[in-house]
Amino acid sequence: MKYIFTLLSLFFCVSFYGQEEEISLEYYLPQDVSYKDQIPKPQDIIGFVPGEWHASHDLILNYMRELARVSSRITIENRGSTYEGRPLVLLSITSEKNHENLEEIRKRHVDLTRKNAEALNTEEMPIVVNQGFSIHGNEPSGANAALLVAYYLAAAEGPEIEALLENTVILFDPVFNPDGLQRFAYWANTNKSKNVNPDPQDREYNEVWPGGRTNHYWFDMNRDWLPVQLPESQVRLETFHKWYPNILTDHHEMGSNSSFFFQPGIPSRTHPLTPDLNQELTKEIGNYHAEALDELGSFYFTEENYDDFYYGKGSTFPDINGSIGILFEQGSSRGHAQETDNGILTFPFTIRNQFTAALSTLKAARNMRVKLLDYQRDFYKNARNSTENGAWAFGDEKDVSSAYELAKILDRHKIKIHRAASDFETNGIKFKKEYTYIIPKNQRQHRLVEAMFEKRTEFQDSLFYDISAWTFPLAFDLDFAEEVNMHLAGEEISELEKPDIPSVEKSEYAYLMQWHDFYAPKALNMILEKGLRAKVAMQQFGLNNKNYDYGSIMIPVQNQELNEEELYEFLQKASEESHVQIDAISTGLTSGVNLGSRQFRALKPAKVALLVGEGITPYDAGEIWHLFDQRYDMKITKLDLGDFSRTDLSRYTDIILPNSWGGGLGENEAGKLKEWVRRGGTLIGYRNAANWFKRHDFLDLEIKESDLIAKDISFEEQRDFRGAQGIGGAIFEAEIDRSHPVNFGYKNNKLALFRNTTIFVKPDEQSYKNPIKYTEQPLLSGYISKSKLDSLAGTVPFKHTGLSRGNVILFTDNTNFRAFWFGTNKLLMNAIFFGDEM
């Protein structure tokens, strides 16, 4: 059998690209199994054998629906929609007998995670496996293999498949990323020739920007399992917590010159909260993959390149939830057939490896069933036994929205949340009852909460596949306490709702809105877009026993486009839709600056453009697009650099340049942008834009250069040595000047910033030009080498300069990271609305 499969592998690696032979299902499927005639083959529904073309999401969806219609082994449910409206379906695959009792099976399985689980007999329980494919849309072999796996599970006959289905419930997610896969399938198919050309330089293998990897807003969804900010992630998480599967698989692709990877990853890079037994079981499951791939003659590797540290990845998230996460990475053909260091790699070959790994997973699950069920039960038992008394607390009386948004994440993770029983103070932090959330430590999800809240600065390894820190209370810039007595907790929240805010009262004089709340920019944008006059307070003041901070917004009643009644009704609407408090006032005589003072500066509507296209990092651009479109309901124009020479920039007040490696931005583009700035525009750049700003004389920057010399580092060690000097993603503390417009809305003098660049800008000699400055000991959480930490201390992540009538603003850090860094989103909005006041 091994000899036959090896010959077939060679045949499809060499002959397929010339299209001299047709693909058949026999290339993929086990041949020692019979298949039910009444079950349609993939080609009967999608029109071709998988691998001949790239199956789009709609074709895969049609096939899955048909299998569910004709097979008693399969049911299908629609759990929601992507941003582009594509269904997010899940197939439940098991024996017909199990289907009749599926809800009871689910309840008993979830009981393994609860107290008194010892009464359950795991010998009599089926194992639950969650199989997911192609979370990166341009890694399509997984989703195309899903067609074959589903067919096999529906159609195969014999005692082996019957035993598998009797003892296994398979939660089958055929396409993790429908929007990205649809985008990539279109690209690969429309660029395919009749005589498939494997030349890597052919257009087929080089997608146009942004590519199909991401979802609609250009997010890498395999980083969203913990923050769960995207609809695709939210339904996946709901499925996970509904079932608590024992194994979750995540089928990916990697560079074309690679072979095949399966976990475990690099042992020294496993998160310390992951039990050792988890990695032992992962390795045991890996033996089944090795055996299956050996049978095919396919090469593979394990315990290299990839790690199990960041819990926001699909293969690592299960590890902190009592499950086993498995990452598969297949060398990608990126089209239909491509020349590689290992010969011609065909799309069918990549599909077959993924299909084989999917089946070897199920074989491992069946044979290790009791062991994995017992591990899950023990994981939660040990978690409960290791918990301390007490609780965590977080909240913010001035920014109720950010606190609520973090509570929403915890709620999605089925974490118990309580209200506070009363106001209290701890470690100098005052917590208000109405705006505080208490998280008990003694609960099932204790380890998960610990993973989300921890601050870690010591590590076994100095290299990370992804970020090394993600402390959620820091990301949301909230008041936070780690040691709170449970007697301060009130009732458990059964249904999470945003705290009430006072209704807007009617005024004949003016209205005031504080700038602290996360959604205040949404309310201000509504006001300005309506053509209403609004002003921002450059100084603090007080009225009616209430203090109004820097950045408070004043809306006068007189001389508006709307009359008094219409203005009142509109501000009611703005307050309700943004959930931001707006106060009616009857006098301009305040303590501090009065409302008629010139320290109230008039604001203008923002017309914002975002530079996109070749040379721009899609993730960074997508985070900004998503922030404006989804969070603040603000229009933002995406300007493609390919059309930049023909673009009329006079339409925009602000232009954002996301992280860029310089492609598409030459001298001509720099000159055009500089002239636009001189005429009054505000140009806002991020991260590597610092180098571009410096090179084209937008900003006078003094950037620290690294002169680190390798000592006693061998040739073999050089890659790790250099890699350890990067900042993959850590959290740092900065001191802020709250009187500066970039910091309006912040109530504390310190701010946690996420950083994944090594651009260190020296501060200006004029202290007031350094409104955000890293402290001398800035590391809050995550890894950074000592030399880089020394370089970072005392530098500035923000620079502003005036250029004639306009402004140039730089953020060296990503203030919008992965849509969950709520705490620094306001920095960008301050640059948008208050740039002229800086």
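Biologist: Which residues line the second largest cavity?
Modeller: The second largest cavity is lined by H271, F309, A451, E454, R456, F459, S468, A469, W470, T471 and S781, where a cavity is a set of points on a 1 Å grid over the protein atoms alone at which a 1.4 Å probe fits but cannot get out, and lining residues have an atom within 4 Å of a point. This is a predicted model, in which local features need pLDDT of at least 70 and side-chain atom pairs count only at pLDDT 80 or more, while totals for chains, interfaces and linings use all residues. Residues are numbered from 1 along each chain as its sequence is written, and side-chain values use heavy atoms, with hydrogens and water left out.

Biologist: How much space lies in the second largest cavity, and what classes line it?
Modeller: There is about 50 Å³ of space in the second largest cavity, a volume being the space filled by probe spheres set on the grid points. Its lining has five nonpolar, four polar and two charged residues, with Asp, Glu, Lys and Arg counted as charged, Ala, Val, Leu, Ile, Met, Phe, Trp, Tyr, Cys and Pro as nonpolar, and the others, Gly among them, as polar.

Biologist: And how many cavities of 30 Å³ or more does the structure hold?
Modeller: Five cavities reach 30 Å³ or more, and the largest cavity has about 130 Å³ of space.

Biologist: What sits nearest the centre of the largest cavity?
Modeller: D399, D477, H516, G745 and K826 lie nearest its centre, out of 15 residues in the lining, which divides into five nonpolar, four polar and six charged residues.

Biologist: Which residues of β7 lie on each side?
Modeller: I247, T249, H251 and E253 lie on one side and L248, D250, H252 and M254 on the other, and both faces are covered.

Biologist: Which strands run parallel to β7?
Modeller: β4 (residues 127-133) pairs with β7 in the parallel sense over five bridges, and eight bridges join β7 to β9 (residues 324-331), also parallel; two strands pair if DSSP finds at least two bridges between them.

Biologist: What stands opposite L248 in β7?
Modeller: L248 stands opposite N130, and it also stands opposite G325 in β9.

Note on methods
Buried < 20%, exposed > 50% of the residue type's maximum accessible area, 1.4 Å probe, protein only. Helix = DSSP H or I, 4+ residues; strand = E, 2+ residues; numbered from the N terminus. 1 Å grid on protein atoms, 1.4 Å probe; cavity = no way out; pocket = protein on both sides within 12 Å on 5 of 7 lines; lining within 4 Å.
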